[in-house]
Amino acid sequence: KVKNSSFVPEENQKEWKTDNPYKLGVAYLKNNNYELAAKALKENLKKDTDCSISRYGLGIAYLQMEKYAEAITEFKQVLINEPDNSEARVSLGTAYLKLEKFESGIKEFSILLKQNDNEENKRKLAFAYYLLANKLFKNNNINEALNNYNNAAEYDKNNAVVAHKLGFCYHTLKNYPKAIECFENALENVKDEEKRLEIYNLLIEAKIFNGDDEDALVLCNQSLIMFPFNAMTNFLIGEIYFHKNEYENALNKYVEASKYDPKFIQALMNSGHIYVIKNYLNKALAVYAKVLELTPDNPTALCNIALIKYKQGDKNAAFNILFKLAVKGGEKNYLVHKYLGIIWLEKGKAHD
C-alpha cells in the first residue's frame, strides 16, 4: 500500500486527482483496489494497445482477483513483445500454477532459469515441480510423483519438505534404504519441532521395515528424550519388541501409546492381539470393545471378537458375528469363512 502517492486519494475523497487512465490504474494497484485498476488499465489499452506496462499491470490485477485465465492472456501478450521480461515470465508461471497447470508453469520457470540462472529462479522451478509431484501423488501415480520430487530436489537441494516427500514416496514403494536416506536428509534441514517429530517417526518406521530394529530402537529412545509423550514413537517401540517376541514389553508400549492417544486404533488392536497370544481373552474383548466404540463396524475387531467367543465356547455368538460379517462384505476375509465352516461342521451341516 502506498499512502503518500500523489495518485492516491486523500481519506474519504471519492475522486482521484488525475484523469490519466494509466496513472489511475497504477494508483489503484498500489492501493490494492484491483477491480478499478483493471478498469482503468483496460481504458488505457484502448488508446495504446501496445503498452506492455499497462498490459502487465492489468495481468497483475487479474492475478490478484484470482482471474487466472485472464491474467495468463495478458502476460502472454506482454511476452510476445518482450520475451526477456522476467517479471511477466514469473507472473505467467505463477498464474499457471494457480490454475494447477503445473507442466505449463514448469515450462515458463525453465525459460526463466535459462535467461537468469540464479538461486531464486531455481527455487521457483523446484516449487513448480513440487506442486506437480503433489498432484501426481494424490492421484496415486507414485512413480511419476517420485520423478518430479527428484526434479524439485535437483533445483532446491536443501529443501526439507521436498526431501520429506521424496522419502514418503520411496517408503510407499517399499524402497526403504532410499526412504531412510531422504528422511535423514530432511532432518538435517528442518527446524520446526512438530515436523521433526513426524519425520523422525517415518525414519524409525522405515528402519523397522528395513530390518534395522536395533538402529530403530536407538532412534526411538532419542526421540522420546525430545518428545516423551508421543504416541507414535511408543507404538513403534512396541512394534520392535513385538518383532523380537518380547510381548510383555511390546504390550506396555502399545498401552502407553493408547494412553497418549486414546483414539490410536492400531495400538489398541495390537494390544488386543497380545492379550489373545497370552490367553487373556477378557482383556482382549475389552480392548476390542474400545475399538468398536471408535469404529463401530471395524471388521478386524469384530472378527477377533468372534474368534475369542468361539475359543470361550460361545459358538452361537461367534456364528452370528461371523455371519453378519460375511453378509456385509467379509467374503474376502478367509478367517470369517474358515470359522463359519468349522461351526457349520460342528452343527452337522457340512453342505451349508
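Modeller: Buried means under 20% relative accessible area, exposed over 50%, and partly exposed in between, with a 1.4 Å probe and protein chains only. This is a predicted model, in which local features need pLDDT of at least 70 and side-chain atom pairs count only at pLDDT 80 or more, while totals for chains, interfaces and linings use all residues. Residues are numbered from 1 along each chain as its sequence is written, and side-chain values use heavy atoms, leaving out hydrogens and water.

Colleague: Is Tyr149 buried or exposed?

Modeller: Tyr149 has 1% relative accessibility. Because that value is under 20%, Tyr149 counts as buried.

Colleague: Which kind of pair do the rings of Phe229 and Tyr260 form?

Modeller: Rings of Phe, Tyr and Trp (its six-membered ring) pair if their centres lie within 6.5 Å; planes under 30 degrees apart are stacked, over 60 edge-to-face, the rest tilted. Here the centres are 5.6 Å apart and the planes lie at 70 degrees, so the pair is edge-to-face.

Colleague: What is the relative accessible area of Phe229?

Modeller: Phe229 lies in the loop between α12 and α13. The residue is exposed, because its relative accessible area is 61%.

Terms used: Helix = DSSP H or I, 4+ residues; strand = E, 2+ residues; numbered from the N terminus.
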